[in-house]
Protein chains: 2
Amino acid sequence: MRVEARVLKGFRDYLPEVEGPRQAMLGKVKAVFESFGYGPLMTPALEYSDILLGKYGDEGDKLLYRFTDNGERDVALRYDLTVPLARVVASYGDLVMPWRRYQVAPVWRAEKPARGRFREFVQCDVDLVGEPSVRADAEIMMVGLSVLEALSVPRFVMRVNDRRILDGVLDKVGVAVEQRIAVLRIVDKLPKVGRAEVDKEIASTVGLAQDKIDALFALLVPAAEVPARKHLEHLQAELADSAVGQAGLAGLTVLLETLANAGFAEKVDIDLTIARGLDYYTSTIYETFLVGHEGFGSVMSGGRYDTLLDMFTSRSIPAVGISLGVDRLLAALLELGLIEANKAPADAFFCLFSEADYAHNAALATALRKVGVKVELSLSAGKLGKQFQLATKKGHRFALLQGEGERAAKQVVLKNLGTGEQETLPCGDEVALKALATRIASSGAHDGRP
Amino acid sequence: MRVEARVLKGFRDYLPEVEGPRQAMLGKVKAVFESFGYGPLMTPALEYSDILLGKYGDEGDKLLYRFTDNGERDVALRYDLTVPLARVVASYGDLVMPWRRYQVAPVWRAEKPARGRFREFVQCDVDLVGEPSVRADAEIMMVGLSVLEALSVPRFVMRVNDRRILDGVLDKVGVAVEQRIAVLRIVDKLPKVGRAEVDKEIASTVGLAQDKIDALFALLVPAAEVPARKHLEHLQAELADSAVGQAGLAGLTVLLETLANAGFAEKVDIDLTIARGLDYYTSTIYETFLVGHEGFGSVMSGGRYDTLLDMFTSRSIPAVGISLGVDRLLAALLELGLIEANKAPADAFFCLFSEADYAHNAALATALRKVGVKVELSLSAGKLGKQFQLATKKGHRFALLQGEGERAAKQVVLKNLGTGEQETLPCGDEVALKALATRIASSGAHDGRP
């Protein structure tokens, strides 16, 4: 009996029309990472379970794909890229610090699938390990901002906060230590659900009184007309007695000054309601939004986590990192029209008049590829109209044709499949081929990829 | 108690100094695939076990990482990229045929680890689905040959055979059908172990008499001084009564003619001892060797498999493909000096005189990245000598320096870390920056990657 072809729930195939633009996007992202000196890391999909367990709490442990392998080892598929990073940092004593690495790889979580939530998805993390200074925070933020610039995103802003300011504020308001992560997780939803919802959830979930909630937001959100930097001065007075709050305010001030001097002032905003509901961040935290498209949520988030990487070592290892929401960003770029799906990987479809022409076409295609034109060869000498249809369906912008006459004259016909226009162009030497390549390249980005 | 950082046996971390060159190599490979119109496919790491079972025989089934997930599903990690391809082809009725896809992804096999054999490794497959003509065979071979050209491999040859010729020869010699895969698997070892070893193994494992072995090799290997194409004519007479043998000889002849007319004659050789010990190939088969470095084995192998993809469908789906031995090819390129490991991802290391200079350095680095220079910023204002040492250790070829004096004069110091030479160059406008970029780029390939 034949087995039915099917995919596990929560898993997906990415066909070329989706994976192509995604890979092109990731290629640009990786090029930015490398332009700052970050190198790629690859770690195994499977790890010993004890390496992965306990890092994410009981909830996280339940979400591991964990099993016993043929050698009776207790193993699990990685849940994120941060624990493998911690393991690598602990394992290789000769890493030159500060160590810059990125990793783009799938992770697996046995979660209940939902819209936009899958059991296998790609994470894209870039981290700077071993440097405590605020310059590391500034660098990682510049990496993130440069990624969005490289992807031609027209307007975006990175909203930055410092966990220590939040601690100072929570001290001041009088929120108990054990309630804080819960409160911050709810505050983090502010841009999505609005103040009223947040108030309701804090009251019902954590049981905080309304006057405390009001006091909290009075400290976190500047009064109307008050610029964020002015509000920081206000906080400096309000948190005068809080050492941790003062440290946070000083850190954030120096960070913003550094970024401004480096030319990134316009892309960064203070936002003290950015909370990052993860308890491992120790100071700077940030999220990144596409202006006018905040509904997508943060496309890039991160911060400083100075205690997380020491889980496998007695050394203390400061670190700062940012994580790109690959699927979210791709969806946004598609919606913004900055990339197009469903396009052929090649520039032109070389039609086949008769089977005897194939090798000639292949030889010319080889020459064209050498000058940078991507050519897909037709393998069947069907009717030309049908070949044009096929080429259009595949997403090609151009068709190439060469009959015996053109071949003898060292010419080729270039047909624009969009407009129907066609012209006969020389192709007999490198100059002619390069002119042809320029002609094809200049007719708009060949596949609209970023 | 702290968990010990360790990796599962048979699994590996790829640190940036290895993964960087590997990714750079794969980037070039993917660009060639796309220049022929092939698009990337991504499929889940986990599949239902029944999708994967039985395709590789009992031996293969034992090598699956198979387990029961939290939802009581019988699942397994993929063993290769061919079964997922078959599943995808059966699942999506709207794929436009012929369908061109590539996939570069890890696969998992619970094998006994050995030198060069791992439980997790990357496969790189490019396949052309749905086209029965010999033009598809020619195209996939041209893709493979173009990959090695793009990687600047100086001398290589693709050795090609046709499974149907082997069948005709085995008929003629009188090797029983059930012995054939065993015989072919041993014949396949010929370049590695030599004729004497092969004879011994065929005799001891399959029990074939020496006169039959001699007859076999008389048909497979041309007599001294006889060119391979001449030998094909000889076979045409010897296999006059074999329909399958004649079909193979005709197919191989047309294929070679097509490749020759397309300009690839010099890169392809007939070799009737190429056997590909896998039973799913149906006609053309090929392996690719680096001339003078045959010891690495075939770096790229494949063929036509017209019956494999129909495992999940009643449709018959012809297909042809080639698989790149990523780790083997990388090892060869490293040994040939065509790529270098252990190099920094960036071109230059921007030293830091004092912490107050950081934002200025960052601003200049941003401008340099925009003209294509990859710059890693020093984050610590230690002694300059130590910073040069660090930059050299990281594999940088250049250091950049800018003191207050240079900054005022809109200049930067470029120091060649290899020769120790340094020069002061302008950096105040785009023309100057581009000149600096050209200067850095022209001092040899920045990282020696292919």
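# Exercises on a predicted two-chain model

The area buried between chain B and chain A is about 8200 Å², and carbon and sulfur atoms give 61% of that area. The model is a predicted one.

## Exercise 1. The interface

Task: Find how many residues of each chain take part in the contact between chain B and chain A, and which three residues of chain B supply 9% of the area that this chain buries.

Solution. 
- Step 1. Start with the counts: 99 residues of chain B touch 99 residues of chain A.
- Step 2. Turn to the share of single residues on the chain B side. Met42(B), Arg135(B) and Leu379(B) supply 9% of the area that chain B buries against chain A, more than any other three residues.

## Exercise 2. The five-stranded sheet of chain A

Task: Determine the strand order of the open sheet in chain A, and state which strands lie at its edges.

Solution. 
- Step 1. The order of the five strands is β13-β12-β14-β15-β16 in chain A, and the pairing is mixed.
- Step 2. The edge strands are β13 (375–377) and β16 of chain A, each of which pairs on one side only.
- Step 3. On average, neighbouring strands of this sheet are turned by 30 degrees against each other, direction ignored.
- Step 4. Look at one parallel pair: β12 (residues 348–350) of chain A and β13(A) are joined over three bridges in the parallel sense. Within this pair, Phe349(A) is opposite Glu376(A) in β13(A).
- Step 5. Look at one antiparallel pair: β15 (residues 411–416) and β16 (residues 422–426) of chain A are joined over five bridges in the antiparallel sense. Gln411(A) has Pro426(A) in β16(A) as its bridge partner.
- Step 6. β15(A) and β16(A) form a hairpin with five residues between them, and Gly420(A) in the turn has a positive phi of about 85 degrees.

## Exercise 3. Helices on the sheet of chain B

Solution. 
- Step 1. Phe398(B) stands opposite Asn416(B) in β15(B).

## Exercise 4. Two helix pairs

Task: Decide whether α7(A) and α9(A) are roughly parallel or roughly antiparallel.

Solution. 
- Step 1. Helix α7 (residues 180–187) and helix α9 (residues 195–206) of chain A pack at an angle of about 160 degrees, with axes 9 Å apart.
- Step 2. Angles over 145 degrees count as roughly antiparallel, and α7(A) and α9(A) are therefore roughly antiparallel to each other.
- Step 3. Their crossing is right-handed. Residues making the contact include Ala182(A) and Ile186(A) of α7(A), and Val198(A) and Ile202(A) of α9(A).
- Step 4. By class, the contact of α7(A) with α9(A) has seven nonpolar, one polar and one charged residues.

Task: State the residue classes in the contact of α6(B) with α10(B).

Solution. 
- Step 1. The axes of helix α6 (residues 163–173) and helix α10 (residues 210–220) of chain B come within 10 Å and cross at roughly 145 degrees. This crossing of α6(B) and α10(B) is right-handed.
- Step 2. Among the residues that meet are Leu166(B) and Lys172(B) in α6(B), and Lys212(B) and Leu219(B) in α10(B).
- Step 3. The contact of α6(B) with α10(B) divides into eight nonpolar, no polar and two charged residues.

## Exercise 5. Backbone exceptions

Task: Find where Pro98(A) and Glu72(B) are placed, and describe the backbone there.

Solution. 
- Step 1. Most residues other than glycine have a negative phi, and most peptide bonds are trans.
- Step 2. Met97(A) and Pro98(A) are joined by a cis peptide bond, with omega about -10 degrees. Pro98(A) is in the loop between α4 (82–91) and β5 (99–108) of chain A.
- Step 3. The bond from Met97(B) to Pro98(B) is cis, with omega near -5 degrees.
- Step 4. Glu72(B) has a positive phi, near 65 degrees, and is found in the loop between β3 (66–68) and β4 (74–77) of chain B.

Conventions: Residues are numbered from 1 along each chain as its sequence is written. Chains are lettered from A and ligands numbered from 1 in the order in which they are written. This is a predicted model: local features need pLDDT of at least 70, side-chain atom pairs count only at pLDDT 80 or more; totals for chains, interfaces and linings use all residues. Side-chain values use heavy atoms; hydrogens and water are left out. Axes are lines fitted to C-alpha atoms, for helices over the stretch in contact, and angles run from 0 to 180 degrees between N-to-C directions. Helices (H or I, at least four residues) and strands (E, at least two) are DSSP runs, numbered from the N terminus. Angles under 35 degrees count as roughly parallel, over 145 as roughly antiparallel, 65 to 115 as roughly perpendicular and the rest as oblique. A crossing is left-handed if the near helix is turned anticlockwise from the far one by less than a right angle, and right-handed if clockwise. Contact means heavy atoms within 4.5 Å. Ala, Val, Leu, Ile, Met, Phe, Trp, Tyr, Cys and Pro count as nonpolar, Asp, Glu, Lys and Arg as charged, and the others, Gly among them, as polar. Two strands pair if DSSP finds at least two bridges between them. Buried area is the accessible area (1.4 Å probe) that two parts lose on being put together, summed over both.
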